[in-house]
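Please consult the sequence and the structure shown below. The briefing that follows is arranged by topic.

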Amino acid sequence: MKRLLSLLVISVLIFNIFSFLPTKAEAVFVKDVPVYFFRGEGCPHCAAEEIFLEKLVLEKPYVKVHDFEIYNDKDNLKLMREVGEYMKINVAGVPLTIIGDKAISGYLNDATTGQQIANQVEQCEIKDCPDILADLGHGALIYGQPEVLEENKIAAAEVDLPLFGKLSGSTTSLFALTTAIAFLDGFNPCAMWVLLFLITLLLGMEDKKKRWILGLAFIISSGVVYYLFLAAWLNIFLFIGMIATIRIIIGLVAIGAGYFNLKSWYDHKTGCIAEGSENRRKIFDKLRNIISRKNFLWALAGIIVLAAVINLVELVCSAGLPAIYTQVLAMAELSPVGYYSYLLWYIFIFMLDDLVVFIIAMVTLQAFGISSKYALYTKLIGGIIILLLGILLIFKPAWLMFG
Amino acid sequence: MKVLKFGAIWCPGCLVMRPRWQKIEEQNEWLVTEYFDIDEFPEMKEKYRLQEYPTFIWLDQNDQEIDRLTGEVSEEEILDLINKYKEK
């Protein structure tokens, strides 16, 4: 009886012990799975993988991520090449992830490449995977100072905004940056002159309703064309990824644009440049012809087409601001809705001065100009921001990864 | 003394200057001014070497230029020149 009782107690104890054991995924007996993560500072795909690996480490603490930055550390670059030669794989770019004997090149998203990484980690939990870096004789180097990714980078303060989602410290900066660049871009006087032409002509029309419709059609069409242009730039940057040469070129453009704006502010030029009067005259005549059409729908269509054409022609006067902005936006690694919401916000701010000028003119029935002194303030603030962006794009791109 | 004013309807700075001049002209009825829309009078650009708008040129009795202001300027700056060349 005593033996039976002892057996029962021991059985219960063992049962209890097993009931407290972690599940397979959390098993304390599971050996460490080293993940060798070669990445480049400022590379958006690397940043996306880094976030995924952070989550993976939280979920599976036995996954040990060893992080090798190759753009700024030549030793790490050398190590990556050595691994490539050993594994007989092409190591032309980052991110490159080595788990066991498998190399995963690039990173698309959590569902595809992320899943591939997770599957390989699972394989190495079950079977003995080789440790390539240890095999190459770098074990002491790695295990001496394992660099585990930070587990918690979530900013303390977050604001929830519709469309933009939760704005943390870094995304608030992107919001502020978007507003500042869009203001600078919008205050560009060469984007305003056609609207002033139009207002002058509209003020001569008797039909109030038609005045509003034609003016708003012009402003909205201009906004749509500019939005499409920004979206095209963004998609180019998203498609080509973070190529260092492109980033440096955009950085140089930004430094040039920043200098140009600061110089304009310093020179305190408040006048309109006299060049190009002949072309302006031609556009004025075209606008007059369109407005004077008897068929209102034709006039409306004409205004929309003209707004699109003029805005495309005038894109050059934006001094590269859309390219600079969309390059920074592409680095933020947002969702598609996030990207296009930021572009919408940009366009809204960009068109704001046009809207103000138009509405005041329509209400007061007088053409109205925004004083250049506001444009000068914008040039000063915007110039500094663009200049800093340029410097950061070249030297510290990771600081601009707002997402 | 006469003041020539050069501007264009597409130039925001010219629109900003319009009410300032209107006020000055109302307060100084003796003042002779002439406005030229540069798109209507393109030949003026070369004649007066205009590089930006608005430009305001002060002429003496012999139609010789004595001074000019360019860009957005304050009422005070304009009145200073008017008072300075009043007798010219």
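A:Lys88 is found in the loop between H3 and E3 of chain A; helices (H or I, at least four residues) and strands (E, at least two) are DSSP runs, numbered from the N terminus. A:Lys88 is not a glycine, yet has a positive phi of about 55°. This is a predicted model, in which local features need pLDDT of at least 70 and side-chain atom pairs count only at pLDDT 80 or more, while totals for chains, interfaces and linings use all residues. Residues are numbered from 1 along each chain as its sequence is written, chains are lettered from A and ligands numbered from 1 in the order in which they are written, and side-chain values use heavy atoms, with hydrogens and water left out.

**Sheet of chain A**

- An open sheet of four strands in chain A has the order E2-E1-E3-E4, with mixed pairing; two strands pair if DSSP finds at least two bridges between them.
- Strand E2 (63-69) and strand E4 (102-105) of chain A each have a single partner strand and stand at the edges, so one side of each is left without a neighbour in the sheet.
- From one strand to the next, the twist averages 20°.
- Strand E1 (residues 33-39) and strand E3 (residues 96-99) of chain A run antiparallel and are joined by four bridges.
- Opposite A:Phe38 stands A:Leu96 in E3(A).
- Helix H3 (residues 74-87) of chain A lies across E1, E2, E3 and E4 of chain A and runs at about 120° to E1(A). Angles run from 0 to 180 degrees between N-to-C directions, and axes are lines fitted to C-alpha atoms, for helices over the stretch in contact.

**Helix pair of chain A**

- Helix H8 (residues 193-202) and helix H9 (residues 208-240) of chain A have axes that come within 10 Å and cross at roughly 170°.
- That angle makes H8(A) roughly antiparallel to H9(A), a term for angles over 145 degrees.
- On the H8(A) side, the contact (heavy atoms within 4.5 Å) is made by A:Val194, A:Leu195, A:Leu198 and A:Leu202. On the H9(A) side, A:Arg211, A:Leu214, A:Gly215, A:Phe218 and A:Ile219 take part.
- By class, this contact of H8(A) with H9(A) has seven nonpolar, one polar and one charged residues. Ala, Val, Leu, Ile, Met, Phe, Trp, Tyr, Cys and Pro count as nonpolar, Asp, Glu, Lys and Arg as charged, and the others, Gly among them, as polar.

**Salt bridges**

- Over all chains, the structure holds ten salt bridges, each defined as a side-chain nitrogen of Lys or Arg within 4 Å of a carboxyl oxygen of Asp or Glu.
- A:Arg39 forms a salt bridge with A:Asp67, with the closest N and O atoms 2.6 Å apart.
- A:Arg39 lies in strand E1 of chain A and A:Asp67 in strand E2 of chain A, so the pair ties together parts that are 28 residues apart in sequence.

**Sheet of chain B**

- Four strands of chain B form an open sheet in the order E2-E1-E4-E5, and the pairing is mixed.
- Strand E2 (32-37) and E5 of chain B are the edge strands, each pairing on one side only.
- Neighbouring strands of this sheet are turned by 20° against each other on average, direction ignored.
- Strand E1 (residues 2-7) of chain B runs parallel to E2(B), and six bridges join the two.
- B:Lys5 has B:Tyr35 as its bridge partner in E2(B).
- Helix H1 (residues 12-27) of chain B lies across E1, E2 and E4 of chain B, at about 155° to E1(B).
- Helix H3 (residues 75-84) of chain B also packs on the sheet, where it touches E4 and E5 of chain B; its direction makes about 175° with that of E5(B).

- Strand E4 (residues 55-59) and strand E5 (residues 65-70) of chain B run antiparallel and are joined by five bridges.
- B:Phe56 has B:Leu69 as its bridge partner in E5(B).
- The hairpin of E4(B) and E5(B) has five residues between the strands, and B:Asp63 there takes a positive phi near 60°.
- B:Pro54 is found in the loop between strand E3 (52-53) and E4 of chain B, and the peptide bond from B:Tyr53 to B:Pro54 is cis, with omega near -5°.

**Interface of chains A and B**

- In chain A, 23 residues are in contact with 17 residues of chain B.
- The two chains bury about 1800 Å² between them, 59% of it on carbon and sulfur atoms. Buried area is the accessible area (1.4 Å probe) that two parts lose on being put together, summed over both.

Notes:
Parallel < 35°, antiparallel > 145°, perpendicular 65-115°, else oblique.
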